[in-house]
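Today I'm looking up charged side chains and who they pair with.

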Amino acid sequence: MKLNLSKVVDRCRLGKLTNLGKKGAQVLEFPGCLLYTKTGSPPHLTHDTLQVIKGVPTVAQITLSTLVELHEVLEEYKQGIGKFIGMPDSVLYCSVQDPATSCPSGYNTNKTVSIWGCGGRMEMTPSKFMSMQQALQPNWFQCLSDGDTASGETSRKRAKKSVDRSLSFLDKCLQLLEKSPELQESVLIGAIEGGDVLEERLRSARETAKRAVGGFLLDGFQGHAMAKETKLSLMEAVTAELPEDKPRLIHGIGKPDEVLECIERGVDIFESAFPYQVTERGCALSFSYDYQPDPEAAVLKQNWTEDAGGNGSKKDKDETSKADLEMTSFEIFLKDKSSWMATTQGTPTVLQRMLVFTKCIIPSEVVLDKCPSLSFGDSAKIPLFRYQDDFGPLVQGCSCYCCQNHSRAYVHHLLVTNELLAGVLLMMHNFQHYFSFFGAIRDALRDERLDQLKKVISKQALCSPLY
């Protein structure tokens with residue numbers, strides 16, 4: 001793996017990672033992201049549907065926590081996880097934990113790191129960890145580390161312990177790496193720990209940089225426990241200590257505005273778990289990343305101007321907020337209830353049921369009302385869904401398969417009827433939209449217009465989520 005920097009603009013790095021893969025012919029542009037997978041497969045997608053998505057990253061992320069139960073199977077298979085999952089030519093990066101799954105805190109020790117798989121907690125020593133990597137045979141892998149410092153304010157003692165443990169694990173893994181014939185072509189990524197204590201973060205960065213690692217992972221910044229200002233200042237201080245000829249990765253950062261803030265502080269590579277989390281919420285990414293027009297006006301009309309006029313009642317918003325506090329202003333909720341239909345005649349008649357879908361006639365015994373739930377008995381209340389008759393694409397101008405062939409109304413129907421196809425179409429759209437966003441970041445850096453792109457994204461970040 002070789003890093004080629006083509007431009008650095010105010011600490012924002014533009015370049016390529018070359019000589020990737022078994023044949024050394026693949027390239028990863030940065031700033032960029034990895035292809036997120038679960039158990040080695042893109043969520044909701046087959047390898048055939050993945051080929052339809054434009055801009056898929058060269059490097060796919062697999063997670064040790066979802067594959068740890070396959071250790072014995074892969075050891076016997078002996079040909080690595082790439083061929084096992086049908087991706088023999090892909091460049092694979094193995095992270096320790098799944099970024100889309102939160103892990104319990106307080107289970108790491110001086111000798112082990114706890115991995116939470118499908119079967120529960122498993123204690124991982126450096127020797128067991130390296131044995132697992134020998135079975136997986138990834139192109140890159142994150143070193144075992146004590147990153148359990150992101151759940152709240154970290155004491156200096158705990159931060160120091162996380163750095164000491166991580167450096168000890170790193171030294172042991174490097175020794176085992178030298179002796180492993182299966183991993184001679186694999187790149188070890190050193191993790192930088194230290195919680196929110198600046199001195200420990202800097203010590204971790206300096207000591208890790210002295211070791212024979214192929215890149216650096218800024219770990220422990222996921223979640224919202226750490227104050228934003230603290231997080232950004234730590235990133236800036238850490239990246240200043242790292243050599244320029246090796247890539248910098250980060251876990252747990254996915255929102256577009258946060259991605260840009262990290263890029264401004266020298267981070268190169270991100271995950272793509274964010275589109276998956278959006279899909280699981282029944283949402284579609286709809287933010288604009290077009291920095292060419294006036295930044296003050298560069299917001300997609302279909303998704304912001306029109307939607308802003310009909311966001312539903314405060315009661316509906318509160319209900320959705322309680323259901324999912326992670327909703328962001330960069331997505332639209334396609335199961336949105338805009339209003340409720342109530343009848344005073346008990347169980348709805350066939351005609352009243354039809355009105356939920358047609359909205360063509362409202363008989364005298366039916367009144368429209370904002371109601372918190374569907375109930376029967378003295379009165380029946382039927383939800384009216386906002387997107388059920390919206391026959392436009394998820395995002396105007398989007399070239400993804402979903403937007404070119406289906407409408408918001410159709411995806412809404414698939415969601416409310418719990419059809420598996422809903423996840424497939426949303427995942428295809430959300431992945432392509434997110435990958436295109438990183439393409440826009442690289443274009444903006446080449447054009448020296450990252451400030452305009454940041455204004456476009458920041459303007460949307462300040463909006464309320466579209467429920």
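I began with a cluster: Glu-29, Arg-442, Asp-443 and Arg-446 are linked in a network of salt bridges. My rule for a salt bridge is a side-chain nitrogen of Lys or Arg within 4 Å of a carboxyl oxygen of Asp or Glu. Counting that way, I get 23 salt bridges.

Some ground rules before I go on. This is a predicted model, where local features need pLDDT of at least 70 and side-chain atom pairs count only at pLDDT 80 or more, while totals for chains, interfaces and linings use all residues. Residues are numbered from 1 along each chain as its sequence is written, and side-chain values use heavy atoms, with hydrogens and water left out.

Next I looked up Asp-146. It forms a salt bridge with Arg-165, and the closest N and O atoms are 3.1 Å apart. Asp-146 sits in the loop between β10 (140–142) and α6 (156–178) while Arg-165 is in helix α6, so this pair ties together parts that are 19 residues apart in sequence. (Helices are DSSP runs of H or I with at least four residues, strands are runs of E with at least two, and both are numbered from the N terminus.)

Are these two buried or exposed? Asp-146 is buried, at a relative accessible area of 0%, and Arg-165 is buried too, at 10%. (Buried means under 20% relative accessible area, exposed means over 50%, and partly exposed is in between, using a 1.4 Å probe and protein chains only.)

Then I checked Lys-228, whose side chain meets that of Glu-261 in a salt bridge at 2.7 Å, N to O. Lys-228 lies in helix α8 (residues 228–239) and Glu-261 in helix α9, so the pair ties together parts that are 33 residues apart in sequence. Lys-228 is partly exposed, with a relative accessible area of 44%, whereas Glu-261 counts as buried at 12%.

My last stop was Arg-265, in the loop between α9 (256–263) and β14 (269–270). Arg-265 is buried, with a relative accessible area of 18%. Which side chain does Arg-265 meet in a salt bridge? I found Glu-264, at 3.8 Å, N to O, and Glu-264 is buried as well.

Glu-261 turned up again here: its backbone oxygen lies 2.8 Å from a polar atom of the Arg-265 side chain. I also listed contacts (heavy atoms within 4.5 Å). Leaving aside neighbours within four places in sequence, Arg-265 is in contact with Arg-11, Leu-232, Met-235, Glu-236 and Thr-239.

Technical notes: A polar contact is a pair of N or O atoms within 3.5 Å; within protein, one must be able to donate a hydrogen and the other to accept it, and residues adjacent in sequence count only if both atoms are side-chain atoms.
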